[in-house]
Amino acid sequence: MTHSSATVKARILVIDDKPANLDLLERVLERRGYEVKLADSHHSAFAVLATWQTDLILLDIMMPEVDGYHVCEQLKADPKTAEIPVIFLSALTEMFDKVKAFAVGGVDYITKPFQIAEVVARVENHIKIARLQNSMREHNQRLQQEIHDREQAEQALNKNQRYLDTLISNLPGVVYRRRNDNDWTMEFISEGCLALTGYPASAFLDNTERTFSAAIPEEYHASLWQTIQVALAERRPFQLMYPFLTCHGEQRWLWEKGQGIFNQAGELEALEGFIQDVSNQQQAQQALDQTRQHLMMALETVQDGFAYFDAQDRLFFCNRHFQQLYDKVAEHTQIGTHFEAFLRNGLASDLYQTDPFSAPRWLEHRLHLHRNGGRLEQALNDGRWLQITEQRTEDGGYVSLHIDISEHKESESRLRQLNQKLLFFIHETPLAYIEWDTALHITHWNSAAERIFGYEADEVLGHSLTQFIISLSNEVENVAPTKFRSHYTTTNQTKDERQIICEWYNTPLVGEAGEIVGFAALAQDITQRYQTEQALKNAKEQAELANRAKTAFLANMSHELRTPLNGILGYAQVLLKDHELQNKQRQGLEVIQRSGEHLLTLINDLLDFSRIDSGRLELTLGEVRLDEVLQDIVDLFIMRANQKRLSFHYHASPLLQHELLVKADGRRLRQVLLNLLSNAVKFTEQGSLHFSVTYEAPRFTFSVKDSGCGIENEMLANIFLPFQQGQHRHVEGTGLGLAISHRLVSLMGGFLQVESTVKQGSHFWFSLPLPILNQHAIDLLPAPSVQNISGYRLPDTGAIKILLVDDHAQNRRLLEEFLQPLGFLVQQAENGLQALQKAEVFLPDVIIMDVRMPELDGLHCTQRLRQNPLFQKTVIFIFSASAFEHERQQALAAGCNSFLSKPLEADLLLAQLAQHCKIEWRYQTRAATVSVLPPVLPQLDESSLPAAAIQALFHQARIGNVKALLTELEGLLEMYPNALPLLTKIQELANNFEMAKLKELLQTLLVQAETKTASVGE
């Protein structure tokens, strides 16, 4: 049983050779909140004490090897354990044994068998006593130290007073106390006044004979007064320099240093200071000041930290860079700070990189360096490194230079990492790594070299390169070492005398003076690759021969087939113009013509594929009226779609509203589009076709969608391979159309792509870079605006979801009424907290959020959203009433994608949605030419279904119960055999789960049936 350190009452060590006693005492004491360690001998006991701080020891007397008395004596002899209370536990009851226990240092004696309550009570008492003794011991030590310090202070005070009296009487100047007035009224002035001014001290006391300021030239009064008052206001000493006219008419220069004396209430009582004659020093002082000024300027311009500590270890001067290095402890870079205080403050401020346990040793080492001089590198917790150099000066002070070597340390770290990476590469690379000196003696040979060449490192190191890599001997003999080629392939010989082909990469090794000291090389065995390449080369040559033979065969066959086809198709067209033909004859001729045309298509596809496959097909680029080409194709397929009763939708870029010239191969582009649209019509029996053309500079994107039979997944990967037709092999065709289209699109700079779902339809699309030749067409392109945007093209993931977050309901309603009609799914939240909750469920694609909201504002909400992996890529707009730049910067820094200002600018919001969500807008313009053929619905007559039956089917379709609907249909097929076509259509829609079309059909039938019933009733 263990307890956390926060609940442990004390730590107790139990020493007893009886396991039962140890177990009992451990359970009892731990149950009462003590942390207990157990020892069954004096060896294990001292091992525990070496690593564990103990508050109390329970010690058995009768133990093997060493008894409890001797153990206690050893404990008391060691200063580390002498103060730990020891309670003896023993079955010995003689008074002699108890006396001996107390004699060796025990604090108590409990006889066995013992009572648990007694043991616990005595343990608690002795722990309390021990703690009280420790507290009293510490208190006594503090009192003794305070008494000692006070005695020392009194002695120092008396000594200083004597020194002060002696100093004042012997000073080469005067000490004074005066009032803070313009007359400099003296309350005290020392006897040195006579020698300094020629006037006795009594002459200036309370202005007895004259004022002290009267001997100072009047032009100095204002500046001296201002200097004194500023220093007093800032509670600091002041220094003055001024001329003084003695009683003998002699002018002397006096230097004065003084300070204000304030009472406990903070009121100024007097000025005290010292005045000295510096006339003889004035000239020297000026020179010294100039020198000092130059020195200070030099030290301030140095990019290293410089500081000087005086003989009392107090900061006398430091430059600006020193203060910048230690800006974290700026209050301790002030003049007069003791060096140890400077270090301790740095430790307290967590400036230095050292843990609390090693801090005392670090401080001791640092003080030793400071006193004895030396250099060290110190790491700071902010990642910087300082090189500190300290040296003692002749006057007993210390010069300290602090250089920021962070970049140097970072360079060393990068160098170590590079070395580690290099060593890892050398040892782990599958390439042989070999180094040799200028005498061609091998100096490095890695494990890959051992594997490739068969020689162990011990066999080659120190030996000549030519002894092992035989094929290099000729080159080594004929070419100087500095002339080795950097890359070559050569044949080498292994230890077992095998010939291998190796690829070599060499580089010279350069010494510190720039001289070449050796070479390093990487080598890999490419024997197998070389053999494979040779085999592939031979195979390629054979394939090219076969391909040329195939091309020649196809060309000859094309010529031979086209000749008779010309006659067949020509005469078929001529004969069909004869109006006297019988229907049977005309039908036969039409079959001949269609078969011939089909055969011609097969020949053309085969030839196109052959040209593309052999690389002989080239594009013929020219000016193409893209709008006319597309409109011709659309007109053709509207007709074909109408023939199969399919709806056809054409969506075109607004660019195509005008004459648009592009540079393209119009014939090949038309060929691809015709192929894709023909397939869409061919494989679609009902529903719709969608053909769209969009433009995003500099590419046009062409898209064909259908609602046909679709392509199974296993065929999608091979759909662009030649002679592939998916699962509908009964449909006529060569299976080359998509393969040719795919390669033509690739030749034109695009990539044909497909997505398809069985029984739902297919989507083919590609984009091409078609340069626009009449750039004015772009200028005529209408800008996207609210007036002509009617919606957007849904992405594959469905409608875009937007979460609106604003504490004002009217703002949310405004955005919702604007966005919902365009097809967006919208939800609302009143504040940031509600937004976090709704976002987890709604999973929006876009979040439009206000900044200032109760509970959680927009910026903090954005930060929390970005921390969630679900919303790291979610588009987030800040929609704020503020227009200040700094708030926009804050929003972007928080993780927003854009910043929009209120009131709502609809065009700007739509532009941002289009940019960040890759939206393609739909416009209310004639650019989208749509031809829609509505579905043909079965007409009801007397033999059709009654309204009640249709109502029952419509109910099952509306609730989505397909199984029940199919059951209803089985009964209706038996009851209404005349309605078989209608019921078969309903059954087909239900089996395909086309619920929207099914409900539309049933609703229309229900209206017709109810209308018919009403007319009959009339």
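Predicted model: local features only at pLDDT ≥ 70, side-chain atom pairs only at ≥ 80, totals over all residues.
Q: How many bridges join strand β11 to β12?
A: Three bridges join β11 (residues 305-309) to β12, and the two run antiparallel. Strands here are DSSP runs of E, at least two residues, and helices are runs of H or I, at least four, numbered from the N terminus. Two strands pair if DSSP finds at least two bridges between them.

Q: What stands opposite Ala 307?
A: Cys 318 in β12.

Q: In what order do the five strands of the open sheet come?
A: β12-β11-β15-β14-β13, with antiparallel pairing.

Q: Which are the edge strands?
A: β12 (315-318) and β13 (374-379); each pairs on one side only.

Q: Which strands does α12 lie across?
A: β11, β13, β14 (385-392) and β15 (398-404). Helix α12 runs at about 145° to β13. Angles run from 0 to 180 degrees between N-to-C directions, with axes fitted to C-alpha atoms, for helices over the stretch in contact.

Q: At what angle do α11 and α12 pack?
A: About 145°, with axes 11 Å apart.

Q: Which residues of α11 make that contact?
A: Phe 339, Glu 340, Leu 343, Arg 344 and Leu 347. Contact means heavy atoms within 4.5 Å. On the α12 side, Trp 362 and Leu 363 are among them.

Technical notes. Residues numbered from 1 in each chain as written. Heavy atoms only, no water.
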